[in-house]
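Please look over the sequence and the structure shown here before reading the report.

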Amino acid sequence: MATTRRRLQNADELKAAVDVWIAKIKARPRQIRIQRMKRKWASCSNNGRVTFNSELLRQPYRFQEFVIVHELLHLKVPNHGKLFKSLLAAYVPHSRFRPEVRKTE
Ligand SMILES: [Zn+2]
């Protein structure tokens, strides 16, 4: 059931979408931040702080969704192993696996 959604256009919309995915994935982030990042679309720290690049707000929805799910999954699976790939494919079927969420795709 692929749904086409319009781009998340501001921090509130992005945070709302992140909250939906937190509930779906049952992830437990300690903090969600949105800020400018130089080299990555998102990052996840060891203590559960997830940061999303504010430049994501100019990306298409499908990519935004991919980055959100990718990063939240790291709260459960810290690496890019088999489990990570299969969970990512289950939650975001349209998305091919990308090893790191770097800005230079
Ligand atoms: Zn990753």
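The report below takes up the model itself, then the helices and the sheet.

## Basis of the model

This is a predicted model, in which local features need a pLDDT of at least 70 and side-chain atom pairs count only at pLDDT 80 or more, while totals for chains, interfaces and linings use all residues. Residues are numbered from 1 along each chain as its sequence is written. Helices (H or I, at least four residues) and strands (E, at least two) are DSSP runs, numbered from the N terminus.

Helix α1 covers residues 11–25, and because 15 residues at 1.5 Å a residue should span 21 Å, the 21 Å between its end C-alpha atoms agrees with expectation; the expected span is 1.5 Å times one less than the number of residues. Just after α1, K26 takes a positive phi of about 60°.

Helix α2 covers residues 61–73, and its end C-alpha atoms lie 18 Å apart, which agrees with the 18 Å that its 13 residues should span.

## The sheet

An open sheet is formed by 3 strands in the order β1-β3-β2, with mixed pairing, where two strands count as paired if DSSP finds at least two bridges between them. The edge strands, each pairing on one side only, are β1 (31–35) and β2 (42–44). From one strand to the next the twist averages 15°, taken between axes that are lines fitted to C-alpha atoms, with angles running from 0 to 180 degrees between N-to-C directions.

Strands of a sheet pair through backbone hydrogen bonds, either parallel or antiparallel. Here β1 and β3 pair in the parallel sense over 5 bridges, and the bridge partner of I32 in β3 is V50. On the other pairing, β2 and β3 (residues 49–53) run in the antiparallel sense over 3 bridges; C44 stands opposite V50, and S43 has T51 as its bridge partner in β3. These two strands, β2 and β3, form a hairpin with 4 residues between them, and G48 in the turn has a positive phi of about 85°.

Helix α2 is mostly covered, since 10 of its 13 residues are buried, a residue being buried if 20 or more other C-beta atoms, placed from the backbone, lie within 10 Å of its own, exposed if 12 or fewer do, and partly exposed in between. Among the buried residues of α2 are F66, V67, I68 and V69, and also E65, H70 and E71.

The buried residues of α2 pack against α1, β2, β3 and α3 (82–91), with contact counted if the C-beta atoms of two residues, placed from the backbone, lie within 7 Å.
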